[in-house]
Amino acid sequence: MKKSTSTWLKAILPLIIFIGFVALLMSGIGKNPRLIPSPLIGKPAPDFALPSLHDPKRIIRKQDLLGQYYLLNVWGSWCPSCRVEHPMVSQLASSGLIPVYGLNWKDEPENAKAWLQQFGDPYADILVDYEGRTAIDFGVYGAPESFIIDKKGIIRHKVVGEITPQVVQNELIPLIRILDAES
Amino acid sequence: MLAEIGQFLLGLALLTALCLSIIPLLGYFLKRKDWLLLARPLAYLLFILVFGAFLSLVWLFVVQDFSVAYVWRNSNTLLPLRYRISAVWGAHEGSMLLWVTIQALWVALVARFSQSLSHDRIGRVLAVLGWVSLGFLAFVVFTSNPFERLFPIPAEGVDLNPLLQDIGLIIHPPILYAGYVGLSVPYAIAIAALLGGDLDEKWIRWSRPWTNAAWAFLTLGIVLGSWWAYYELGWGGWWFWDPVENASFMPWLAATALIHVQAVSERRNAFRGWTVLLSILVFSLSVLGTFLVRSGILTSVHAFASDPERGTFVLALLGFYTGGGLLLYALRAHRIRSEPGFELSSRETLLLANSLIFLVATLTVLLGTLFPLVFDAFGKKISVGPPYFGLMFFLIMVPMVVLLPLGVMMRWHRDSFRRVIRLLLPPFVLTTVLTVIVWWLLNPLPLKALAGVYGGIWLLVNTLFAIFTEKGTLTRARLGMHLAHLGVAFFVFGVSMTEHTDFEKDLLMNPGESATFKGYTFTFEGVRRKRVENYLAEEGTFKVYQDNQLITILHPQKREYPRQQKPMTEAAIDPGVMRDIYISLGEQLNDQGGWSVRIYIKPFIRWMWGGGLLMMLGGLLAATDRRYKRHATAESRHLADQWLENNAQPISAGTTSKA
Amino acid sequence: MKTQLRKKPAARPFFQYPRKWLLAALLFSQTLLAIDVYQFDTPQQEALYRHLTEELRCLVCQNQNIADSDADLAKDLRQEVAQFVKQGKTQEEIIDYLVQRYGDFVRYSPPVRIDTIVLWTLPFAVLLFGGWGLIRTIKANNQTNAAAIAKTHSQPTSADSPTEPDS
């Protein structure tokens, strides 16, 4: 009797392994394999000292922005998706929910300014990362990307890709509530 | 009109496959010989219908009917005729049509070359192959129809991806698919045997040539793919451990294990269950490959269809074929008798050890390929790339190389390790001497390369030694085996040398400048623009000198296809037995016509592909062994058909009933 | 979700999701080779640079290391790596630097950690366990069969010879 159960188990084992395997494959369907979560979430934002777009002589440092939570939006005039999300970013900024700062990434300042003239400038301030070094520190791998940084300078959330109404509704507003509750 | 005919033929093929998958099986279980006899004609009909649909698509490309969406997307009026034909399998839908066409061809071949099998057996095999064809035909018809029309009709097509406009991509997919799909034959045989519960040595003997043939095609397909990537991509690699490449490598590894286990289970009533499981595994991995390639769940350098719906469909097929097969196995396993009848020190043990090693290798590739998915399920990300696979493979293949000659020399049933080790002593000494000589000639060699050289020579010496001692008694099967093992020797040697002693240099070269590496002097003569067939090229000229003698002039290109925005790098290669010289053009860096240039010197890289070709030839040679024919005529159909006349129990292994 | 990077000098995106016509079985998304020319002080530095760029993954590409990729970000990372190498940083320091910013995804060589233990050990465990099982099965079956064979003489194995044709 005992032996027959063990043979039975041996016979059915391949099937059981296979079912687990299929479940794993199913979990992967429809996911975007290229979405890479940032390891920086929950960690202090990297130090930066970058010139402002409108006043290149003024250097903005990480410390200057402490004491408030804010959204740092990585964009460039060369990036079509940034244009797509721009109305939403503008709306977010004008709503007063959260201050929005821009990180102008690997862009010619003239192009950036012309772009803002055409589409509007919702940013509280814009940091210029011409060489892209700060972007590497932030782990940026494409544009647009957005970071939410709390008043202690900790990165709390990262949005990869466009900010859509769904993202605002499902990710940003709940987080802003938490941030409000903390202060 | 032609598109509708193709569509119609595909629909008929689907129906035929449905009949093929049901009628003979009913015939088997209801003991209706006339229904069983329908299997062969249905198999032929299936092939004719699918092939007709395939030809329709070819013709639509030849006449450039842009009203068909698939033709429009993958062709244009500038495209030369040869690429118009290969464009048929240049993208997803057409490549799946090629897939089912080759599938149908295998089914027809099985129907044709199965005279030795009794009707109940061939009926079952063809029915299982009918299920396989049915699934993939449904996939084509319902998710990937290549005959879909477009309205309004565009005047000009898009283009075939420039990378596919190349001889390598004309022949690589059909050969590779022939291998992938051919693996459905051992699967069908295993399932047919499980269905009847009559798994005996005849089944396995009959399965062997088919397994060998499919394996040989898969080998050639992989070699061609590797060679193509090497010369076409321009970055000098020949294997990237990319998910899509692994997708073809896994069935190959598992099929290698299967071939070696079949040698045991054909002659001993042992490890038959293991053979069945491996047969199921091999085909499952081939379907899994399709899933990985077409579902987009993994990131691959080969951009492929990122379509969840198609992915789900193929996953369902995988679940059906593999899940069904394993369920059947679970129900029938107790009927498979196992009586090894051989001792631990015997060839059988070593063949089984081989299958274990190759199975572990398969598992390693599978694990490495899918591990990112496991991490993904937990919301984390990881990359598993060449460093992992390279290290693991090295470690896993060391015992394989060491033990291979032992397995060849060992006697069946019972032998003593001491006898064989004594036999292997002279080759061992010779190998050591030869390795020292090679080391002295090619010094300096890194340790890993040296290990590979040692392994390669060890296999070479032993295989030649075995051929020499067996000459006169060599059958085709035995010679085929030795040939394949020689292939392994060359492969191991080639890989070790290329991977660990190659030379690579990125540099800026201005026209007229020279640079010298490894005894070769490269003189850059500049870049000029030219127009070729359907593209524009910037073509560099490099003169390569050795000992002040011009040995070759190389012309690497950077190409621009007007219909595509992406430029392409076309490397120039001077192939050689001892080394390849490989030059790629980067971009213009200054106003003096200076370009960034990458130069590779790749020692013995051809030996690696040569080894692959030898393996393929060995596999094919073994598949044509007279033994299979001899048995085929000896077991007359008349005898085999007695089962039907006697109306005996369909399940012959009644001796092991549950009581 | 779309992300795009700038292509120098012209502002044109290099990274996009596969368009419909790209839905092919075997296409390479990146076909242009990138070659940067960096000068290093020693051959060791050059070798380290080559090794690192081959082991670091280009994040925006399909599946490519940063050595081969033409992507803008890969170019930036190559530059960063070259600088670090010239400053005399070690391989670990440079990899750590990038892993801190981009996560484990950036390295092709997975770390040996508690959550990757399966990846590194499972093949060997299966090899050892399988080998043990194989030997045990053969030995066990042999013992039970020896008696049966002696009784029935049903196995024609004694006629086998090493030159017996087979593969």
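This is a predicted model: local features need pLDDT of at least 70, side-chain atom pairs count only at pLDDT 80 or more; totals for chains, interfaces and linings use all residues.
**Reading chain A and the domains of chain B**

Visitor: What does the C-alpha trace of chain A span along its principal axes?

Guide: The spans are about 85 × 35 × 30 Å for the C-alpha trace of chain A.

Visitor: Next, burial. How many of the 183 residues of chain A count as buried?

Guide: Burial is judged by counting neighbours: a residue is buried if 20 or more other C-beta atoms lie within 10 Å of its own. In chain A, 38% of the 183 residues pass that test.

Visitor: And which secondary structure elements does chain A hold?

Guide: There are five helices and seven strands in chain A. Read from the N terminus, their order is α-β-β-β-α-β-α-β-α-β-β-α.

Visitor: What share of the contacts in chain A comes from residues 24 or more positions apart?

Guide: Counting contacts with a separation of 6 or more, 74% in chain A join residues 24 or more positions apart.

Visitor: Let's turn to chain B. Into which domains is chain B divided?

Guide: Chain B has domain 1 (1-165), domain 2 (204-415), domain 3 (416-502 + 606-616) and domain 4 (503-604). Domain 3 is written as two segments, 416-502 and 606-616.

Visitor: How many residues of domain 1 of chain B are in contact with domain 4 of chain B?

Guide: Eight residues of domain 1 of chain B meet eight residues of domain 4 of chain B. On the domain 1 side, the residues touching domain 4 are six nonpolar, one polar and one charged. The C-alpha centres of these two domains of chain B are 43 Å apart.

Conventions. Residues are numbered from 1 along each chain as its sequence is written. Chains are lettered from A and ligands numbered from 1 in the order in which they are written. Helices (H or I, at least four residues) and strands (E, at least two) are DSSP runs, numbered from the N terminus. A residue is buried if 20 or more other C-beta atoms lie within 10 Å of its own, exposed if 12 or fewer, and partly exposed in between; C-beta atoms are placed from the backbone. Two residues are in contact if their C-beta atoms, placed from the backbone, lie within 7 Å. Domain bounds come from an automatic or database domain assignment. Ala, Val, Leu, Ile, Met, Phe, Trp, Tyr, Cys and Pro count as nonpolar, Asp, Glu, Lys and Arg as charged, and the others, Gly among them, as polar.
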